[in-house]
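Student: I'm new to this one. Please pick a single part, take me through it closely, and then show me how the rest is put together.

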Amino acid sequence: MTVDIEQAPPPVPPLKGTTAGRERARRGSGRLPGAWVPYLLIAPAIAALLGVLGYALVRNLLLAFQEFGRRQFISRTTEYTGFDNFREVLQSERFWDSVVRTFVFTAVNVVLIMVIGTLIGLLLRQLGRAMRLVLSVSLVVAWAMPVIAATTVFHWLFDTQFGVANWAMRSLGFDGYEQHNWFSSGTSTLAIATILIVWASVPFVALNLYAGLSTVSTEIIEAARMDGAGSWRVFRSVIAPIMRPFFLITTFLEIIWVFKAFPQVYALNGGGPDRESETLPVMAYIEGMGQNQFGLAAAISVLTVLVLLIAMSFYFRLILTQEKENDA
Amino acid sequence: MKPRKLWLNGTALILSALFLFPVYWMVSSSLKENSKVLTKDPVFFFVPTFEHYTTASEADLFWTYALNSLVATIGAVVVALAVALLASYAVARMRFRGKRAMLLAVMAAQLAPWEVLVIAVYLNARDLSMLNSIGTLVIVYCVMALPFTIWTLRGFIAAVPKELEESAMMDGCNRRQAFFRIIFPLLAPGLMATSLFGFILAWNEYAMVSVLNKTPDTATLPRWLNGFQTAFGNDWGATMAAATLFTVPVLLVFLLLQRRVTGGLAAGAVKG
């Protein structure tokens, strides 16, 4: 797949990139049958994206500069207050706690997902047919599990009274797991969210890595082995360079996905206890829908989107350089 | 078996068990009678009972929620496919000013931070009096699925040789006929991959529906499931039956079409 553009089919005259060409096309659109066709075809998609996504982004930005609480919500009034919301957010300790928490949470998750996913992807390559099928089916099942269902199940696995997790800890000989409440602290809640997210995300990395590896010729790897390279050396010097784009892009995708993960954290414990497991999206949600502080929530959202945009700009640079390499 | 082989297979087996366990535990808990669910030491052998499925499916509004989920999901998938088909045909086959910008916008929209925008979407919907409506969900889910759908279908359309269309047009078809008779049938795998993506997205969506559709008769299954857990508290057997009922449709479709999805995701998301 390339971003590059195919030749025009006969009925659509190519438009010149020059101002003159543009002018001619604009004026003469009636005379050039079909020049408007592509615009007509993309119009519904553009309208839908702008109408829902674009409108929400703009609304979110405007809201961040407004005092918008319960009163304004009911009276439907607009009061612009400049940077007040940002000032309040940036001065609150809870926000900075949440920022640190989100970054640590994202980093831990992404590292675990990438390391475990890569190891399993490599393992899939080494397995025989039957065992490979067993493992990939298990991965697919975990992958397909709907987030809310998985969250409910993890709640059950870590239930205080009857959870399997407490039983497993007891069976392994650990003390203090008679009635252990896994959701009694923010850290512990986020640890369970981590297990849940890693469990659900590893299949994507593992199966796609395996699919990608199957296009790498076995001869290169065999040759490296003949030259006396061990497994680590083969990975570092042969597989890693070939799969570099895959690793970079998957890592960035996972960063973005984990960073904005919402239902896993929210449905697990509602950001609690005592708002200790709030990540940025969860904090924005609770501030807005829970406390009716829509303006503040929007300010948090804008800051979160800014962080995501920075991450995405790296992603786009990667994709674009890769496209250029492909074209070359 | 060589020791190395044994070691690899052993690791693979343990990993398979770890990945399957939560799903196994969900299904097995849903089939045990309550005295065997609520035990300090788990029971692994039992005679299955379906009483929890009766409890779950007879719970308030289950069928309303299920129907809402189905309508919202299928609606979103169909609309997204129709809208995306037009756009991706234009992008794959035609040349026009602003195409590159459009492609970049679609690529950016694929990573849209919906989770962070729920409040803005909610306020917009409220201002337009569009809260508590399945139609609104269809629109929102359709837009969520649209970028990926356009991107993937574009790849599939571009992969169809242009000569096929041209020769059909030589034989007297117009462009539209050529598209529907020649390209459309060849797009089947692409349509399947993308509609599956949309299906999973809409079926599983939780944040939007819990904000946009607060009335019980317009909510979907993810909200039902989360509410069920709250309402049924300690009845873990019934809760797991509810979770299983919610999961099974996705699991079946996913297992059947997984290969296409991996390919589709690799083409659409990973390769950009």
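**Around the end of a helix**

Tutor: Let's start just past helix H14 of chain A, where A:Asn292 takes a positive phi of about 60°. Helices here are DSSP runs of H or I with at least four residues, strands are E runs of at least two, and both are numbered from the N terminus. What you're looking at is a predicted model, so local features need pLDDT of at least 70 and side-chain atom pairs pLDDT 80 or more, while totals for chains, interfaces and linings use all residues. Residues count from 1 along each chain as its sequence is written, chains are lettered from A and ligands numbered from 1 in the order written, and side-chain values use heavy atoms, leaving out hydrogens and water.

Now step back into H14 itself, residues 280-290: it is largely enclosed by the rest of the structure, because 10 of its 11 residues are buried. (Buried means under 20% relative accessible area, exposed over 50%, partly exposed in between, with a 1.4 Å probe and protein chains only.) Among those buried residues are A:Pro281, A:Tyr285, A:Glu287 and A:Met289.

Next, hop to A:Asn85 in helix H4 (residues 84-91) of chain A. A:Asn85 is buried too, at 6% relative accessibility. Setting aside neighbours within four places in sequence, A:Asn85 is in contact (heavy atoms within 4.5 Å) with A:Leu63, A:Ala64, A:Phe65, A:Gln66, A:Gly295, A:Leu296 and A:Ala299.

You'll find A:Phe65 in the loop between helix H2 (37-64) and helix H3 (70-75) of chain A. With a relative accessible area of 21%, A:Phe65 counts as partly exposed. Besides A:Tyr80, and not counting residues up to four places away, A:Phe65 touches A:Glu79, A:Thr81, A:Gly82, A:Phe83, A:Asn85 and A:Phe86.

On to the rings. There are 40 aromatic pairs over all chains. A pair means ring centres of Phe, Tyr or Trp (its six-membered ring) within 6.5 Å; planes under 30 degrees apart are stacked, over 60 edge-to-face, the rest tilted. A:Phe95 and A:Trp96 make an edge-to-face pair, 5.2 Å centre to centre with 75° between the planes. A:Phe95 is buried at 3% relative accessibility, while A:Trp96 is partly exposed at 43%. Over in chain B, B:Trp203 and B:Phe246 are stacked, with 5.9 Å between centres and 10° between planes. That pair links distant parts of the chain, 43 residues apart: B:Trp203 is in helix H10 (residues 188-204) and B:Phe246 in helix H13 (residues 236-270). Both of these chain B residues, B:Trp203 and B:Phe246, are buried. Back in chain A, A:Phe154, A:Phe158, A:Tyr177, A:Trp182 and A:Trp199 form one aromatic cluster.

B:Arg126 lies over the face of A:Phe73, 4.1 Å from the ring centre, and the charged end of B:Arg154 sits over the ring of B:Trp151, 4.9 Å from its centre. (That takes NZ of Lys or CZ of Arg within 6 Å of the ring centre and within 35 degrees of the ring normal.)

Finally, chain B as a whole: it has 13 helices and zero strands. Its C-alpha trace spans about 70 × 65 × 35 Å along the principal axes, and 57% of its 272 residues are buried. Of the chain B contacts between residues at least 6 apart in sequence, 72% join residues at least 24 apart.
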